[in-house]
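User: Please examine the following structure with me, question by question.

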Amino acid sequence: MSGSHAGEPQYVPVRHLLPTDTTEDVRARGAELPAQVAVLPVGSFEQHGPFLPLATDTLVACAVAREIAAAYPVHLLPPVTVSCSHEHAAWPGTVSISSVTLHAVVADIAASLRRSGVETLVVVNGHGGNYVLGNVVQEASARGERMALFPAPEDWETARERAGVSTSLLTDMHAGEIETSILLHTHPEMVRPGYESADFTADDRRHLLSTGMSAYTASGVIGRPSLGSADKGEQLLASLVDSFAAYFTLLASAEHPAGGSVDASSVGVR
């Protein structure tokens, strides 16, 4: 086939989304640790307005996980790319699985890791609608298993302040300043024109679970993407890497609190 036709999607190669470890890499990395830690990015496949790709949450989760893996001796896993995006069902392209399915997938991954000698799983969540991930972590922790959810809202707030993100976490709900900034830094070729004039706010979203996103935004955007920048994206990721230190110290330690967890009740803000 020759060149693409007008209106056809442009598929840009996305490098480094999948880890390239061998089994010996994993063995060697965990040899010196009291407990090996695996990192699982969980994204989504849902609308992010007319200028960000459906895979935005997956790209964000992978960017966070990849930076963590570059800074800490963790076992980086490939992403879960479809999750609980039911609130975005009104927009073409959005795909969801049930919360029961997502719960089972993550729990099965954690069990498989334990059988292969990797005792700890950190779920890096890229989508705020994945409420069930909090339950997965709570239940696992109550059984005495090592699991955590990252980033917590406090980690995002610290990152927001450090990066100079001016939009609050409440206002920056979807396809806003934070997500646009991270993609401008990590995948600028994925950000289409139009984010500069797409700002829309809707801070009172108390009926979101009942009505879905379409009751609050026609474009699919809730936030201020016009304020996004690659520099902010870089600083956001750097801050999250620093915040991960406390999680790693707790989860990789020889003495882990029985039934304890790091932030089992939150799923982040994206």
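Predicted model: local features only at pLDDT ≥ 70, side-chain atom pairs only at ≥ 80, totals over all residues.

Analyst: Residues are numbered from 1 along each chain as its sequence is written, and side-chain values use heavy atoms, with hydrogens and water left out.

User: How many residues of strand β4 are buried?

Analyst: Helices (H or I, at least four residues) and strands (E, at least two) are DSSP runs, numbered from the N terminus. Buried means under 20% relative accessible area, exposed means over 50%, and partly exposed lies in between, with a 1.4 Å probe and protein chains only. Arg 146, Ala 148 and Phe 150 point one way from β4, Met 147 and Leu 149 point the other way, and all are buried. For β4, residues 146–150, the count of buried residues is therefore five of five.

User: In β4, which residue is the bridge partner of Leu 121?

Analyst: Two strands pair if DSSP finds at least two bridges between them. Strand β3 (residues 120–125) and β4 run parallel and are joined by five bridges. Within this pairing, Thr 120 stands opposite Arg 146. The bridge partner of Leu 121 in β4 is Met 147.

User: Through which helix does the chain cross from β3 to β4?

Analyst: A crossover is right-handed if, with the strands pointing away from the viewer, the path from the first strand over the helix to the second runs clockwise. The β-α-β crossover from β3 to β4 is right-handed, and its helix, residues 132–142, is α4.

User: In β3, which residue is the bridge partner of Leu 40?

Analyst: β3 is mostly covered, with six of its six residues buried. Six bridges join β3 to β1, and these two strands run parallel. In β3, Leu 40 has as its bridge partner Val 123.

User: Is Ser 44 buried or exposed?

Analyst: Ser 44 lies in the loop between β1 and α2. Its side chain forms a polar contact of 3.3 Å with that of Glu 46; such a contact is a pair of N or O atoms within 3.5 Å, where within protein one must be able to donate a hydrogen and the other to accept it, and residues adjacent in sequence count only if both atoms are side-chain atoms. Because its relative accessibility is 0%, Ser 44 counts as buried.

User: What distance separates the C-alpha atoms of Ala 61 and Val 123?

Analyst: Ala 61 lies in helix α2 and is buried, with a relative accessible area of 1%. Not counting residues up to four places away in sequence, Ala 61 touches Pro 41, Val 42, Gly 43, Val 124 and Gly 126, where contact means heavy atoms within 4.5 Å. Ala 61 and Val 123 are 62 residues apart along the chain, and their C-alpha atoms are separated by 9.4 Å.

User: Which helices hold Asp 242 and Arg 162?

Analyst: A salt bridge is a side-chain nitrogen of Lys or Arg within 4 Å of a carboxyl oxygen of Asp or Glu. The side chains of Asp 242 and Arg 162 meet in one at 2.6 Å, N to O. The pair ties together parts that are 80 residues apart in sequence, because Asp 242 and Arg 162 lie respectively in helices α8 and α5.

User: Is Lys 232 buried or exposed?

Analyst: Lys 232 forms a salt bridge with Glu 177 at 2.7 Å, N to O. This pair links helix α6, which holds Glu 177, to helix α8, which holds Lys 232. At 15% relative accessibility, Lys 232 counts as buried.
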